Amino acid sequence: MKPKWSLLLGAAIVAAVALVGGLLVIGPKTLAAGSAAADPSAAPVKEAAELAATTDERPSMILFLMDDFSLELLRTMPEATRMAAEGATYQNSFVIDSLCCPSRAALLTGQTPHHTKVLTNTQNDPEHPVGGWSAFQRYGNVEKQFSIGLQEAGYTTGFVGKYINAYEATLGSDGKRVPPPKVPGWDSWNALLGGAYGGWGYQSTFLDGNGTVQLRNHPQPAQNATVQQKDAAYATSVTRDYALAFIEKHRDDENPYFLEIAAYGPHSRLGHHYPGLDTWFPPAFADQAPAGDPAGGNCGRVDCADLTLKDLVGYGDDRWDNAPTYLGRAGRTSQAPAWRTNKVSLSDETALSQYRDRARMVQSIDRMITQVRRAAGDDTYIVLTSDNGFHLGQHQLNGGKGAPYDSDTRVPLVVVGPDVVPGKRSQFVNNIDLAPTFLDIAGAPTPAYVSGTSFAETLSRPRLPGGRYAFFEHTYAKSHPGEVDLDSGSGGTIDIIPSYIAVRGARGLLVRFDLDKSWKGTDYAYELYRYDRPWEDRNVFAEDHAKPYARDLMRRLNAYEGCAPAVCRALTR
């Protein structure tokens with residue numbers, strides 16, 4: 001079943017009747033063709049005027065978006081694991097750019113980074129921003145958010161949690177903090193600002209009775225406060241409270257709702273810090289390891305002591321056979337300079353400690369999922385995913401993201417809800433496919449500028465053909481200290497991962513790196529990895545680039561560069 005709905009009277013009331021593939025779809029439930037209800041002679045199609053008097057039966061939708069979540073953490077989460085057993089799990093789910101801001105911009109608009117022009121986390125040049133809220137706003141992306149299409153289709157929309165990087169309060173001329181601007185497309189707005197990276201002591205925004213953005217303070221609890229008092233102020237707990245309040249207010253409305261819940265976890269704290277808590281990944285106090293017991297604490301379904309570096313596929317893999325390859329005339333190849341020149345400063349002890357803290361950190365998110373699912377009910381679509389993955393010593397890279405490899409680009413995608421057939425899916429899905437999927441479920445049109453493709457039909461028909469390739473792009477730029485793998489030679493401010501475009505299919509991953517660090521120059525070199533091996537352990541471009549599978553990847557990669565939306569969509573099939 002494809003969840004299509006006919007919108008009547010300006011989308012305020014819905015006639016939820018459509019004939020799709022031999023099934024008569026009525027509201028969110030499906031009746032088999034051949035039954036009395038599905039027989040047109042037994043149940044004539046209602047006139048539009050009669051349908052206009054019916055209640056809007058389209059399903060509500062909730063998106064859980066985690067931050068820097070890596071797949072090895074999923075098995076530690078009881079409710080997320082339960083979701084995977086009860087719903088659709090997309091095994092080949094990826095993000096278009098494994099970096100927070102470009103990924104979020106792409107998710108919100110269904111566009112590639114080369115269309116959003118949101119290429120990094122930071123603006124760099126205020127006059128010509130290339131990242132952050134400045135770029136998202138400057139290049140017209142605010143007006144292209146899927147939430148606006150949902151509003152036009154009659155949905156009530158809500159946002160809770162982390163929005164776009166650098167969406168922050170500013171200092172006014174009087175020295176007081178000025179709220180960031182109102183973001184169209186959202187009826188309810190509770191965005192937590194960047195101080196929430198540290199878990200405690202931050203500000204959030206909300207809309208007052210006049211629809212104006214205001215600031216709300218969430219002070220850091222005193223050190224002698226109880227664990228319950230501290231955790232009530234934890235960013236994930238506050239996010240949960242706002243989400244539950246939205247659901248309680250709107251779950252009985254005539255019109256359906258869409259709610260995005262964007263947790264800050266398990267992102268690192270960056271420069272934000274609770275006194276006495278020195279971990280880069282701060283869990284709720286109830287989940288933390290007791291002093292002197294690094295293997296203690298709450299890691300959910302798995303004992304913290306049972307989490308080992310063996311779980312991090314590719315951890316410590318020698319980089320000698322990963323250097324990129326030049327492709328010259330007549331198909332001649334030669335070795336290019338290695339770009340992985342960072343000092344491996346991450347010790348095994350630190351990597352293991354951070355891995356376990358990340359597992360502890362996601363337990364509060366898992367509890368939030370439990371409570372939200374209970375409040376929303378079974379007739380709501382709930383989607384769980386992440387803005388990107390995270391490497392923690394894999395490929396001899398220190399903690400970070402942005403690489404084209406599995407650790408960074410593959411993310412969970414689990415969906416539960418009405419008519420979702422449980423089980424695993426093999427179709428390739430990218431996070432730019434989420435926007436058209438939400439619009440599809442709502443019965444709203446997908447704008448021509450969207451580069452993603454809806455996968456709504458596969459929710460109830462797991463074996464339907466779908467995407468067979470995923471594309472990635474990434475831009476080398478300045479970064480925040482501690483954010484990702486950094487080039488120590490740059491003073492610790494430049495992401496060591498070069499710009500690249502990449503394509504991945506079932507058989508392999510082809511990456512074209514630009515080794516030239518200037519904005520205008522190019523120095524292209526390639527990495528090719530086969531997936532008959534456990535991870536991206538050896539670049540096989542020199543020996544495999546002329547083979548049929550590699551030539552197919554190269555053809556698609558070349559066509560992807562700068563592709564128009566329709567071409568981008570076609571290349572994934």
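1. H2 lies across strands E7 (88-94), E17 (381-386) and E18 (414-416), and runs at about 70 degrees to E18. Contact means heavy atoms within 4.5 Å, angles run from 0 to 180 degrees between N-to-C directions of axes fitted to C-alpha atoms, for helices over the stretch in contact, and helices (H or I, at least four residues) and strands (E, at least two) are DSSP runs numbered from the N terminus. H9 packs on the sheet as well, touching E6 (61-66), E14, E17 and E18, with a direction that makes about 180 degrees with that of E6.

2. This is a predicted model, in which local features need pLDDT of at least 70 and side-chain atom pairs count only at pLDDT 80 or more, while totals for chains, interfaces and linings use all residues. Residues are numbered from 1 along each chain as its sequence is written, and side-chain values use heavy atoms, with hydrogens and water left out.

3. The axes of H2 (residues 78-86) and H9 (residues 348-376) come within 7 Å and cross at roughly 55 degrees. Residues of H2, including Arg82 and Glu86, meet residues of H9, among them Asp366 and Arg373.

4. Helix H8 (residues 235-250) packs against H9 at about 5 degrees, with the axes 10 Å apart. The H8 residues that meet H9 include Ala243, Leu244 and Ile247.

5. The open sheet has eight strands in the order E11-E8-E14-E6-E17-E18-E7-E19, with mixed pairing, where two strands pair if DSSP finds at least two bridges between them. The twist averages 15 degrees from one strand to the next.
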